[in-house]
Amino acid sequence: MNPSATMHALIRTSLDDSGELRPITDAPVPVPGPGEILIRVTAAGVNYADVMQARGTYPDGPQPPYVAGIEAAGEVVAAGEGVEFPSVGMHVAGIDMMGGAFAEYATLPAAAVMPVPPDWTDEQVLGLGINWPTALAALKPLGRITSGDTVLIHAAAGATGQAAVLLARHYGATVLAAASPGKHDVVRALGADHVLDSRSTDLTAEVMWLTDGAGVDLVLESVGGTTFETSLAVAKRVTGRVVVYGTSAGDASITNWDLVFKHQVQLIGLNIGVLIRSAPGVFGELMGELSGLLAAGVIPPGRPAVHPLMDGPKVLVELENRSTVGKLALIP
């Protein structure tokens with residue numbers, strides 16, 4: 001397939017509200033460089049990192065003007081120098097933290113893409129490059145989950161939260177899942193043992209009551225703000241782990257005094273991009289386990305909420321307002 005010279009895309013023109021995503025019809029189709037492939041985008045994933053990049057709060061993010069979107073799936077239509085796999089015609093999914101996915105065509109690093117599993121659609125594979133690896137990293141190599149642990153998962157109705165609930169149950173944990181009341185049925189259907197109101201002012205007390213005052217072994221913290229205080233308060237003293245991988249409700253603060261005299265917990269930061277770059281061996285093992293989970297049917301095909309590409313600005317606002325559930329996808 002020979003793509004035309006221009007394409008539809010969503011571009012970001014500045015790092016503030018006035019620079020919201022703008023649809024254009026004449027963006028140049030990118031050319032794959034060495035080690036890159038060009039795909040015809042059939043589905044693009046929407047992630048909170050897209051919101052952070054738009055606000056200029058994502059470190060080393062792309063600078064305007066740029067085509068937004070970090071996660072894409074589609075058909076390989078061209079390959080750059082040195083690329084032997086994947087071949088033209090294959091359907092793959094991957095991420096590029098410098099953007100480009102919210103368009104009809106996008107380039108991706110060939111070494112970082114994965115083939116779409118047999119019998120899956122391109123939409124269904126969205127999340128395997130970001131949400132599932134993040135959930136697995138938080139639970140397994142960093143959170144050191146074992147059968148019999150009790151795990152508290154914040155934002156459990158989101159794409160990464162839902163993946164974490166399913167994986168934690170698979171590994172034999174008791175799952176306490178926090179979400180807003182309108183999303184409880186979704187989380188309950190995933191098999192969470194207890195579903196809690198994330199907006200409750202008594203969330204700490206509820207968790208401690210459910211654990212007979214012992215607290216939880218592991219907290220997956222992706223919210224920040226006042227929720228962060230709950231995460232620290234409910235983790236077991238000394239042995240409790242809090243893995244932090246998100247900031248959707250804003251920054252939280254903790255001092256060395258807090259860790260010595262108030263919250264004697266193991267506090268662990270997770271950024272999947274840094275994990276890939278700084279601990280490639282750990283990431284390789286992680287992706288090997290992810291492949292095994294896929295083959296065993298533990299990870300089901302995704303069911304994203306699908307929107308037209310040009311609705312992207314509205315979808316990002318809804319994600320930032322935390323009014324969405326599960327994975328979100330834009331279709332060119």
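How many of the 9 residues of strand E5 (residues 71–79) are buried? Here are a few points to follow as you look at this predicted model.

1. Let's start with that strand. In E5, 7 of the 9 residues are buried, so the strand is largely enclosed by the rest of the structure.

2. Now look at the partners of E5. Strand E3 (residues 36–46) pairs with E5 over 8 bridges, in the antiparallel sense. You can find one of these links by locating Arg40, whose bridge partner in E5 is Glu75. Strand E6 (residues 91–95) also runs antiparallel to E5, and 5 bridges join the two.

3. Next, visit a loop. Gln63 sits between helix H1 (48–55) and strand E4 (66–67). With a relative accessible area of 55%, Gln63 is exposed, because the cut-off for that word is over 50%. A polar atom of the Gln63 side chain lies 3.3 Å from the backbone oxygen of Gly61.

4. Finally, turn to helix H4 (residues 159–170), where you will find Thr160. Is Thr160 buried or exposed? Its relative accessibility is 14%, so Thr160 counts as buried; the cut-off for buried is under 20%. Leaving aside residues up to four places away in sequence, Thr160 touches Asn131, Thr134, Ala135 and Tyr245.

Terms used:
Residues are numbered from 1 along each chain as its sequence is written. This is a predicted model: local features need pLDDT of at least 70, side-chain atom pairs count only at pLDDT 80 or more; totals for chains, interfaces and linings use all residues. Side-chain values use heavy atoms; hydrogens and water are left out. Helices (H or I, at least four residues) and strands (E, at least two) are DSSP runs, numbered from the N terminus. Buried means under 20% relative accessible area, exposed over 50%, partly exposed in between (1.4 Å probe, protein chains only). A polar contact is a pair of N or O atoms within 3.5 Å; within protein, one must be able to donate a hydrogen and the other to accept it, and residues adjacent in sequence count only if both atoms are side-chain atoms. Two strands pair if DSSP finds at least two bridges between them. Contact means heavy atoms within 4.5 Å.
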